[in-house]
Amino acid sequence: MGHTVTLACCALNQWALDFHGNLQRILESVRLAKEKGAAYRLGPELEVCGYGCGDHFLEGDTQLLSMQSLATLLEDPLTRNIICDIGMPVMHKNVLYNCRVIFLNQTILLIRPKMYLAMDGNYREMRWFTPWTKLRHTEQFYLPPLIADITGQVKVPFGDAVISTGDTVFGCETCEELFTGNSPHIAMGLDGVEIFTNGSGSHHELRKLHRRVDLIRSATSKVGGVYMYSNLIGCDGERVFYDGSCLIAVNGDIVAQGSQFTLREVEVTTATVDLDDVRSFRGSCLSRGMQTALAAPYPQVSTGVSVSRPSSLSLPISQPLSVQYLMPEEEISLGPACWLWDYLRRSGLRGFFLPLSGGLDSASVACLVGSMCTLVVDAIAEGCGHVANDLRQLLGRKEKEGLPKSAKDLAKLIFTTCYMKTVNSSSETETRAARLAAEIGSSHISVSIDNMVSAAVATVSTQLKANPKFKVHGGTSMEDMALQNVQARNRMVLAYLFAQLLPWSQGHRGNLLVLSSANVDESLRGYLTKYDCSSADLNPIGGISKTDLRSFCKFMAPRYPELKSILAAKPTAELEPITSSHVQNDEDDMGMTYAELSVFGRLRKVYHCGPYSMFLKLVHLWGDKLTPAEVAVKVKHFFRCYGINRHKTTVLPPCYHAEAYSPDDNRFDLRPFLYNTTWQCQFEMIDRELVVMETGLNSEASSSVAGGEQRVVETPPTATGEDTAAVEEVEDVDAMENDVLVVVEEGSGFREEDAKEGEVGEEEEEEGYKGWKRTTGGSGESDQFVTATQNQRLYPKLPFEDHNEGIEGKEGDEEEGDDLVVIDETVENGRGRGRGKRRKRTWKKGKNKQQQKETNAAGNSGSGGGKGKGKKRLNTGQRQQPKGTPHPMGTRGGWRGSGNRRNSWTPRGGHDGRQWERPHPQSLSSLLQTPSNLMTVYDRPSPFSRLGPDQFSTPQHTPSHPHPPSSYSHLPSNSYSHLPSSSYSHLASSSLPRDNYSSYHQSPLSLSARDRDMVARQQAPPLPSSSPSSWFSRLLHRR
């Protein structure tokens, strides 16, 4: 004979501090649960006072009124013969706890405090509550006289315990405890608890329901049992919307699911389960039985009653069902619409006012109001009495008066849209706005604000004695931005004026709520004017990305066909004059696409990436479309704009929270609003890593790609006004003091022994990239600005030793038998400008013998030249190093050059397949003897010259020489194989590239100018000494 029990999970639309209304909804849920035969009623978290009380939790009034509500519940006959589990704050020993109070027949069984508090995202529970840390321990809680007089109890158990009935055991969790790694239900299940309860206050985010369902399934799929999940629903006065979705699971299967979005204030979800199914499931898992023997017991509180009853055909067992997941477009159409209705009916205002521009964002907001009207009319048709009562109160109608029968009729009464045009507006957007308003049913007006704008500009022009102009008319960027912003701000002023006077003109009381239409991506980027139409009472799309809004409008297009033309149009602010050669475009103004903004936002907030770590991730994610240099430009541009415009988030209106990367400054995204927008240290790290990446690409490609392109990184003019150029750092090593810059030829497939020496480009040769060259010859030193022609590159000179006298060979310091390489340096006659020699370096394999002795050998070098005579022992310029240790310049292979005795170099073609190793500190020390300002590598200035409305501009370096085109368009798709291997496919949107890489060749360490100065003063910090191939990756992922 089976043992069945009926369980009830309640979703309540509570309102913070509305103790009377909250109490009535709790009692209604108890009534519905008893009607369905439930033996246990589970309510959401903090349902007595409301979850969103905030700092009101600290007030004595809140705690007192919560106790009074509990007393009312204990006395009410509805709560008899059913175990009631309610959420409320309780103070124990002068400490405030977030508690579950479980009672039956006017007797409090247990007060169970929450053990793990939510402190991420929108949650700040530890600001008000203290977690209970005494596992499996209870204390005595002395009841206040108000409660003791009703229950006849003086004290009750308070702490971590379970409820025992005559036939099963219940164990409590609260919200966050389900999401923790070591959830209480695991230990409870091993101690014999069969039914787990969770009263939650979990708000909506797009695609979040999947995670909840997965956690609830996993809670019982391993340890077995029944899991009850109750949640709040609706807007309780904050920016979030609680999305219900009560769930009951048995042994990993969902057997009951409540509504995710509804206008009903009380919804009860029930399921009838067979406890024998739990017992047979657990009995079949032998490993669980072994763990149970070791499990620590929980204190048990006995009820003295049984909750199950024999199986009956009249009470069927709930069967597993398929969980209903809504598409993101459906979630957007329902969540913000319910949130708007809750806000409107509880605010007591007359309706909504929306500036409708004919663009995608304002059209999305209009569709959400239309969806709200549809939900209201449908709920009234289904007999939802409280919705009808709320609408009558809103419209000022008596009970016998009729209510609107369609969504269009309702929209006509409570929704006003307005097209505010200027001379810069187009007839197409005005037409689209009017047609969409007609399809939704709003009361639509169209007005011109040119007189307002002209009056404001004329007032300022008279005072300043200057007439500002748009950029297309010859004005400056500052003039152009001011003229754009004055239009936008006048729209906000006019919107509030209409919102206050429109009801008055129609003979109604109250004002209209002004709606904003700035999406989350524009708020993140700062592409909005402060105190324009982004400033309003509410913003239902402020937490939704542009990508999701486009999908939403496509989803709503069958209902509102005008959305098709709006989707086909390019987004534009229409704040600049339209000419034959210029039409303003949002993505051009921002300097990035909306798809890129979504990725930037998710990396910044969800994955906690700063500029440097974001750059490293995007090199992989966008590697098949963009070069590392182009990724660096985009990352820097985003963070500059973000830092400049962060202050705008402090005045954004309350937004519906829907995205995990929302920039909401109120609670969710706590960051400063005054930034050093140069991001100096972060951008320098990007620059150094960029040099490493690009050098590695050039080194790999030189032996296999013909016609290698050239790349010059230029510096801004010096303080003396002279133009200088810095060569791109090769293998992360800067130029040496007194070294010269020369031009060397670059080709493919060359060999050192027959490589032709490159010539210096002359001024009369074809146009190329330019740089300064210092020649040192018999006639002394001279500086000359030269042009590097095709297949030529500017490089720094190597710090080679002077070969006029021999140097001492060094004995290997490794264990006997270790593989060694010998660096062989010889000097040959060179063909470069000036007088000097050409040096060739090769690497040879050798063996280290401890008995090998130090030798001195004179190289046959000098101004007369000739080849140095190598010997089998260490010769002039030779060193022994362990195999795999790089030359101080960081590469394996030969070098070649031209010019004078201190020759420049380029990597010899081909890669030997080995991983690069980090140079030893002593090798770096010998290289860092240059003044800190001799070599500076600057990132390319941003190609995006257009700025969004109200964006501050920052000075940028503008070199006088042309920037080279990308040097990597000729490389194969696998040219980034030396970069760290990782997968970021979960970050990519459908419109963005992604790739994974499997190999990683770590390049040498690059130091900043400050670090070079420290080394020169012998104060350099120690370098990482562990595995060279992974030190940089660990630095990236360190938290």
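A cavity here is a set of grid points where a 1.4 Å probe fits but cannot get out. The views below are all taken from a predicted model.

**View 1. The largest cavity and what lines it.**
By that rule, the count comes to 14 cavities of 30 Å³ or more. This view goes to the largest cavity, with a volume of about 770 Å³. A total of 37 residues line the largest cavity, and the closest to its centre are Ser357, Asp361, Ser517, Thr572 and Ala573. As for secondary structure, the elements giving two or more residues to this lining are α10 (360-381), β20 (415-421), α13 (427-440), α15 and α17 (546-556). Rolling a probe the size of a water molecule over the atoms shows where empty space is left.

**View 2. The buried face of helix α12.**
Helix α12 covers residues 407-414, and its buried residues are Leu410, Ala411 and Ile414. Look down the axis of α12 and these buried residues fall within an arc of 100°, so they line one face of the helix. The spacing makes sense, because an α-helix has 3.6 residues a turn and residues three or four places apart point the same way.

Leu497, Leu501 and Trp504 make a nonpolar surface patch of about 350 Å². Leu497 belongs to helix α15, which runs over residues 477-505. With 45% relative accessibility, Leu497 counts as partly exposed, since that label sits between the 20% limit for buried and the 50% limit for exposed. Helix α15 also turns up in View 1, as one of the elements that give two or more residues to the lining of the largest cavity.

Side chains of opposite charge can pair when their charged atoms come close. A search of the whole structure finds 30 salt bridges, and this view picks out the one where the side chains of Arg41 and Glu47 meet, at 2.8 Å from N to O. Buried or exposed, which is Arg41? Arg41 counts as buried, because its relative accessibility is 0%. Glu47 is buried too, with a relative accessible area of 0%.

**View 3. Asp85 and Arg100, a link between strands.**
Here the side chains of Asp85 and Arg100 meet in a salt bridge, 2.9 Å from N to O. The pair links distant parts of the chain: Asp85 sits in strand β3 (residues 83-92) and Arg100 in strand β4, 15 residues apart. Both Asp85 and Arg100 are buried.

**View 4. Arg25, Asp18 and their network.**
Salt bridges that share partners join Asp18, Arg25, Glu265, Asp342, Arg345 and Asp390 into one network. One of its pairs is Arg25 with Asp18, where the closest N and O atoms are 3.2 Å apart. Arg25 is buried, with a relative accessible area of 9%, whereas Asp18 is partly exposed at 23%.

Most residues other than glycine have a negative phi. Where is Gln106? Gln106 lies in the loop between β4 (95-104) and β5 (107-113), and counts as partly exposed at 22% relative accessibility. Tyr531 likewise has a positive phi, near 65°. The place of Tyr531 is in the loop between α16 (520-525) and α17, and its 42% relative accessibility makes Tyr531 partly exposed.

Val301 is found in strand β17, a run covering residues 300-302. A relative accessible area of 14% makes Val301 buried. Val301 and Pro157 are 144 residues apart in sequence, yet their C-alpha atoms are 8.1 Å apart in space.

**View 5. Ala8 in strand β1.**
Ala8 has its place in strand β1 (residues 3-12). Ala8 counts as buried, with 0% relative accessibility.

How values were computed
Residues are numbered from 1 along each chain as its sequence is written. This is a predicted model: local features need pLDDT of at least 70, side-chain atom pairs count only at pLDDT 80 or more; totals for chains, interfaces and linings use all residues. Side-chain values use heavy atoms; hydrogens and water are left out. Patches are made of residues with over 30% relative accessible area and no salt bridge: like charges are joined within 9 Å, nonpolar side chains (Val, Leu, Ile, Met, Phe, Trp, Tyr) within 5 Å. Accessible areas come from the Shrake-Rupley method with a 1.4 Å probe; for residues, only the protein chains shown count as cover. A salt bridge is a side-chain nitrogen of Lys or Arg within 4 Å of a carboxyl oxygen of Asp or Glu. Helices (H or I, at least four residues) and strands (E, at least two) are DSSP runs, numbered from the N terminus. Buried means under 20% relative accessible area, exposed over 50%, partly exposed in between (1.4 Å probe, protein chains only). The arc is that of the directions from the helix axis to the C-beta atoms. On a 1 Å grid over the protein atoms alone, a cavity is a set of points where a 1.4 Å probe fits but cannot get out, and a pocket is an open set with protein on both sides within 12 Å along at least five of seven lines; lining residues have an atom within 4 Å of a point. Grid points are joined across faces, edges and corners, and a volume is the space filled by probe spheres set on the points.
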